[in-house]
Amino acid sequence: MYPDFAIALLTTLQAEGIHTAIETTGYSAPDVLERVAAHLDLILFDIKHWDEEKHVKGTGVSNRLIVENLKRIIAWGKKVLPRIPVIPGYNDTLIDAEGFSKLLLDVGIPKVQLLPFHRFGEKKYAMLGLDYFYTDSPPLHAEDLKPYQQVFHKNNIEAFF
């Protein structure tokens, strides 16, 4: 949202020899992403869903720009770590793990971090007066997602927590 500030901060940090990283959904204008990425050592890139229709349903936007930006970052030679927040009832099936695997293989990424669902944001939703749709969903743990993780391993993708 504030690329000029981010670039100024990142430039200062790099001048001091400090490793720079950013967490993003990749939903950004390509020119803005390129300007900021030039000052990053690592990009943590969250991918919410591999299926465009389900991505729209869950986030309100298509994943086309996100996937294209992921491809751009790779083409620029940036170090990128895709991360999948695994959310109950949204992207937690073995079919989803297969879909994510295909996406990662298509863009040439052999490694992904799986982020098991937690409810840390529940109080923030309440403070903002927003409905929290996962009140009845228990947190996920690495052991809950072993079969999910195995799908990635079967597809030669290193998946870790």
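Predicted model: local features only at pLDDT ≥ 70, side-chain atom pairs only at ≥ 80, totals over all residues.

Residues are numbered from 1 along each chain as its sequence is written, and side-chain values use heavy atoms, with hydrogens and water left out.

The largest pocket has a volume of about 810 Å³. Of its 25 lining residues, Lys48, Pro85, Ile87, Tyr125 and Tyr134 are the closest to its centre. A pocket here is an open set of points on a 1 Å grid over the protein atoms alone, where a 1.4 Å probe fits, with protein on both sides within 12 Å along at least five of seven lines; lining residues have an atom within 4 Å of a point. Volume is the space filled by probe spheres set on the points, which are joined across faces, edges and corners.

Helix H3 (52–59), strand E3 (80–86) and strand E4 (111–116) each give at least two residues to this lining of the largest pocket. Helices (H or I, at least four residues) and strands (E, at least two) are DSSP runs, numbered from the N terminus.

The second largest pocket holds about 300 Å³ of space. Its lining has 15 residues; Met1, Ile22, Ser28, Val32 and Val36 lie nearest the centre. Helix H1 (3–15), strand E1 (21–24) and helix H2 (30–37) each supply at least two of the lining residues.

The linings divide by class as tabulated; Ala, Val, Leu, Ile, Met, Phe, Trp, Tyr, Cys and Pro count as nonpolar, Asp, Glu, Lys and Arg as charged, and the others, Gly among them, as polar.

| Pocket | Lining residues by class |
|---|---|
| Largest pocket | 15 nonpolar, six polar, four charged |
| Second largest pocket | 11 nonpolar, three polar, one charged |

**Aromatic rings**

The structure holds four aromatic pairs. Rings of Phe, Tyr and Trp (its six-membered ring) pair if their centres lie within 6.5 Å; planes under 30 degrees apart are stacked, over 60 edge-to-face, the rest tilted.

The Phe117 and Tyr134 rings are tilted, because their centres lie 5.4 Å apart with planes at 50°. Phe117 sits in the loop between E4 and helix H6 (122–128), and Tyr134 in the loop between H6 and helix H7 (146–154), so the pair ties together parts 17 residues apart in sequence. Tyr132 and Tyr134 have ring centres 6.2 Å apart and planes at 75°, so this pair is edge-to-face.

Phe117 is buried at 8% relative accessibility. Tyr132 is buried at 15%. Tyr134, at 24%, is partly exposed. Buried means under 20% relative accessible area, exposed over 50%, partly exposed in between (1.4 Å probe, protein chains only).

Phe117, Tyr125, Tyr132 and Tyr134 form one aromatic cluster.
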